[in-house]
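Please look over the model shown below with attention to its helices, its nonpolar core and its charged side chains. A short briefing on these topics follows.

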Amino acid sequence: MGRGTRRLRFKPGWLDSRIVLTDRIHELRYLAGLIAHLREGTSPWAKEKVVEQPEIIARLKQLINEANSDSQSVYPFDFTDKLWDVLKLSKSFDTLRQSFQLLYDQLQTGEFRVLVGANRTSSLAKMLRMQNPNDIVFPRLEMMTCLQLLVEIGVDRFNGELVYRFLQGQYLPNSSDLDSFFLPSMASLESTIERLLPLHFALQSM
């Protein structure tokens with residue numbers, strides 16, 4: 001009796017660099033880490049280390065100038081999404097505080113008008129939608145406030161990109177098919193992140 005041939009199949013794990021969208025899961029883990037600091041009231045940045053990042057402020061000013069032009073677009077990414085791509089690189093509270101202060105100053109002029117996606121629910125997105133700057137309540141830019149503002153736009157960015165990729169890949173006919181997976185805006189950021197993981201894994205496997 002001859003021996004049967006057996007085949008072993010190996011599949012890379014979800015963090016393997018050969019799998020598509022690995023960079024997205026790293027970003028999701030980064031967001032989860034920031035949320036943990038927010039929950040515990042601790043700083044994600046080394047207190048004893050002063051890091052100056054003039055390039056972040058320069059990129060933010062460029063983003064603001066581009067947003068003031070007539071060629072704005074909210075699809076697939078709006079102003080807050082692009083803002084996340086800049087501010088997620090911050091390595092100190094001071095850089096983040098300066099960045100949000102710069103945005104506050106722009107909003108207070110009453111002349112800063114940017115397009116924000118309808119499904120963006122962050123505090124900053126709500127401020128940007130307000131027509132009258134006198135109606136905006138600007139929270140004090142303390143560490144946990146800045147961290148909260150940052151995490152909110154990061155979660156919005158991840159939500160928006162998931163929807164975009166599902167539609168771009170024609171895996172779903174319309175975005176409303178994903179509505180049941182997204183938690184309401186009043187849900188905790190931690191719960192929202194946990195809810196996004198199955199969607200991301202599904203997208204990776206397609």
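Which residues are linked in a network of salt bridges? They are Glu27, Asp85, Lys88, Arg157 and Glu161, where a salt bridge is a side-chain nitrogen of Lys or Arg within 4 Å of a carboxyl oxygen of Asp or Glu.

This is a predicted model, in which local features need pLDDT of at least 70 and side-chain atom pairs count only at pLDDT 80 or more, while totals for chains, interfaces and linings use all residues. Residues are numbered from 1 along each chain as its sequence is written, and side-chain values use heavy atoms, with hydrogens and water left out.

**Salt bridges**

- The structure holds 10 salt bridges.
- Arg157 is buried, with a relative accessible area of 7%, whereas Asp85 counts as partly exposed at 23%; buried means under 20% relative accessible area, exposed over 50% and partly exposed in between, using a 1.4 Å probe and protein chains only.
- Glu190 forms a salt bridge with Arg39, the closest N and O atoms being 2.5 Å apart, and this pair joins helix α7 to helix α1 across 151 residues.
- Both partners are partly exposed, Glu190 with a relative accessible area of 35% and Arg39 with 48%.

**Helix α6**

- The 26 residues of α6 (residues 143–168) should span 38 Å at 1.5 Å a residue, and the end C-alpha atoms are 37 Å apart, which agrees; the expected span is 1.5 Å times one less than the number of residues.
- This helix is mostly covered, with 19 of its 26 residues buried.
- Just after α6, Gln170 takes a positive phi of about 60°.

**Nonpolar core**

- The largest nonpolar core has 48 residues, of which Phe79, Leu83, Phe100, Leu103 and Phe112 touch the most other members; such a core is a set of buried Ala, Val, Leu, Ile, Met, Phe, Trp, Tyr and Cys residues joined through side-chain atoms within 4.5 Å.
- Elements that give two or more residues to this core include α1 (22–40), α3 (79–87) and α7 (189–205), and the largest share, 10 residues, comes from α6.
- Leu103 touches Leu60, Ile64, Phe79, Leu83, Phe112 and Leu124, not counting residues up to four places away in sequence, with contact meaning heavy atoms within 4.5 Å.

Conventions
Helix = DSSP H or I, 4+ residues; strand = E, 2+ residues; numbered from the N terminus.
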